[in-house]
Amino acid sequence: VYAWERWLRQELWSQNQRLSQPREEQQSDSATTTKPALQPWQGKDFFVEEIEPASIALYKFRTGQWDEFAFLSKTRKLTKKQRDTTIARLNFLRDIAMGVASAKETEIVVLELLLRAERDGTSGSSMLSRYLDEILPLIEKWTLWMALTRPSPMQRHASVFALLDTMDDFDSVGSLGLEDVEMIKSLRESMDEYDFGATAGGKRLAAAILKRMSTHLMVEEKKNIPGGTNGGTNAATVDLIQQNWPSEEEREEWSNRIGNLALVSSAPPRNSRAKKGSDSSWESKSKRFKKEPWLLTRQLAESDEWDMGAVQNQQKDLLKLMDSVWSLGE
């Protein structure tokens with residue numbers, strides 16, 4: 001709280017410093033001019049120039065109204081791949097910010113980036129490409145790290161300020177530690193060991209991750225993205241694939257891992273007359289998976305059976321895909 005208060009005071013001071021030079025020139029020339037005196041920058045000015053635009057941008061972000069951002073307009077000089085990738089990243093960040101408590105601070109950083117992108121995109125500044133191609137992927141990786149490793153509030157807040165500083169000084173990227181070997185190792189381990197299917201919050205996180213991975217593949221293959229540019233129409237959840245395990249030990253270790261989760265557009269159909277467990281059979285699930293809009297889910301349906309080996313192989317494949325989507329290196 002104190003840090004945010006200091007930042008606000010610093011902003012007011014900086015604005016008044018920028019106004020001080022014209023004011024001094026005006027005072028020295030007051031004998032020959034009749035211009036009204038410049039007023040100091042106050043809280044109301046801060047609201048009009050900073051708070052109001054930020055509130056509008058935040059609303060667009062939370063509701064997924066990407067077409068309402070000028071820098072994402074189809075008339076701008078973004079390639080289709082650039083635009084689709086940017087929207088996929090923003091959708092992922094929105095899903096995490098609104099569904100995972102440990103990554104709520106994501107909104108602060110994304111909001112600053114959106115405001116800068118909107119300003120520079122409208123003015124034609126060359127900084128737009130750096131924000132979208134360098135800073136946005138960095139925010140995405142940082143958000144994934146927060147969601148999976150659940151750092152302390154102090155660690156999260158320190159990272160927020162570091163990312164905000166990075167937008168002013170691109171050379172300070174290394175200070176974030178996002179390319180650190182140990183950090184990447186902890187990110188992979190958390191992804192591998194996380195019991196996503198055990199809680200509602202974990203399922204929301206898994207859905208966001210699987211949706212981002214699937215969208216990445218679809219962008220690379222130049223396929224249409226479910227929901228298009230409207231972030232509110234591609235809601236998804238996850239389904240536990242294997243539910244009948246040979247042993248309790250295997251169930252506890254693998255049931256809730258991401259390798260045993262399928263991204264689905266809606267909850268599995270329920271039929272009160274159906275035999276108990278009929279919807280949990282692989283035959284039934286694979287038929288449903290073939291009809292899903294998500295590429296990763298349709299790929300699951302290509303398997304003849306779903307057993308322990310299939311779960312472990314899917315786990316390995318998703319960890320490899322994670323490296324590709326979030327550029328985690330070798």
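The exercises below walk through a predicted model of one chain, each with a worked solution.

Residues are numbered from 1 along each chain as its sequence is written. Because the model is predicted, local features need pLDDT of at least 70 and side-chain atom pairs count only at pLDDT 80 or more, while totals for chains, interfaces and linings use all residues, and side-chain values use heavy atoms, with hydrogens and water left out.

**Exercise 1. Describe the chain as a whole: which secondary structure elements does it have, and in what pattern do they follow along the sequence?**

Start with the elements, where helices (H or I, at least four residues) and strands (E, at least two) are DSSP runs numbered from the N terminus. The chain has twelve helices and two strands, and along the sequence they follow the pattern α-α-α-α-α-α-α-α-β-α-β-α-α-α.

Next, turn to burial, where buried means under 20% relative accessible area, exposed over 50%, and partly exposed in between, with a 1.4 Å probe and protein chains only. Of the 330 residues in the chain, 46% are buried.

Then consider the surface, for which accessible areas come from the Shrake-Rupley method with a 1.4 Å probe, and for residues only the protein chains shown count as cover. The chain exposes about 18200 Å², and carbon and sulfur atoms supply 50% of that area.

Finally, look at the contacts, a contact being heavy atoms within 4.5 Å. Among the contacts in the chain with a separation of 6 or more, 70% are between residues 24 or more positions apart.

**Exercise 2. Work out how helix 3 and helix 5 are arranged: at what angle do they pack, and which residues meet?**

Begin with the axes, which are lines fitted to C-alpha atoms, for helices over the stretch in contact, with angles running from 0 to 180 degrees between N-to-C directions. Helix 3 (residues 80–99) and helix 5 pack at about 30 degrees, with their axes 10 Å apart.

Now classify the angle: under 35 degrees counts as roughly parallel, over 145 as roughly antiparallel, 65 to 115 as roughly perpendicular, and the rest as oblique. Helix 3 and helix 5 are therefore roughly parallel to each other.

For the handedness, a crossing is left-handed if the near helix is turned anticlockwise from the far one by less than a right angle, and right-handed if clockwise; helix 3 passes helix 5 in a left-handed crossing.

Last, inspect the contact, where residues of helix 3 including Leu 90, Phe 92 and Leu 93 meet residues of helix 5, among them Leu 136, Ile 139 and Leu 144. The residues of this contact divide into ten nonpolar, three polar and three charged, with Ala, Val, Leu, Ile, Met, Phe, Trp, Tyr, Cys and Pro counted as nonpolar, Asp, Glu, Lys and Arg as charged, and the others, Gly among them, as polar.

**Exercise 3. Repeat the analysis for helix 5 and helix 8: at what angle do their axes cross?**

The axes of helix 5 (residues 127–149) and helix 8 (residues 200–220) come within 11 Å and cross at roughly 150 degrees. That makes helix 5 roughly antiparallel to helix 8.

Helix 5 passes helix 8 in a left-handed crossing. On the side of helix 5, Glu 140, Leu 144, Ala 147 and Leu 148 take part, and they meet Leu 205, Ile 209 and Arg 212 in helix 8. By class, this contact has five nonpolar, no polar and two charged residues.

**Exercise 4. Examine two loop residues: what is the phi of Arg 150, and what is that of Lys 222?**

Arg 150, in the loop between helix 5 and helix 6 (153–168), has a positive phi of about 50 degrees although it is not a glycine. At 53% relative accessibility, Arg 150 counts as exposed.

Lys 222, in the loop between helix 8 and strand 1, has a phi near 60 degrees, a positive value in a residue other than glycine. At 78% relative accessibility, Lys 222 counts as exposed.
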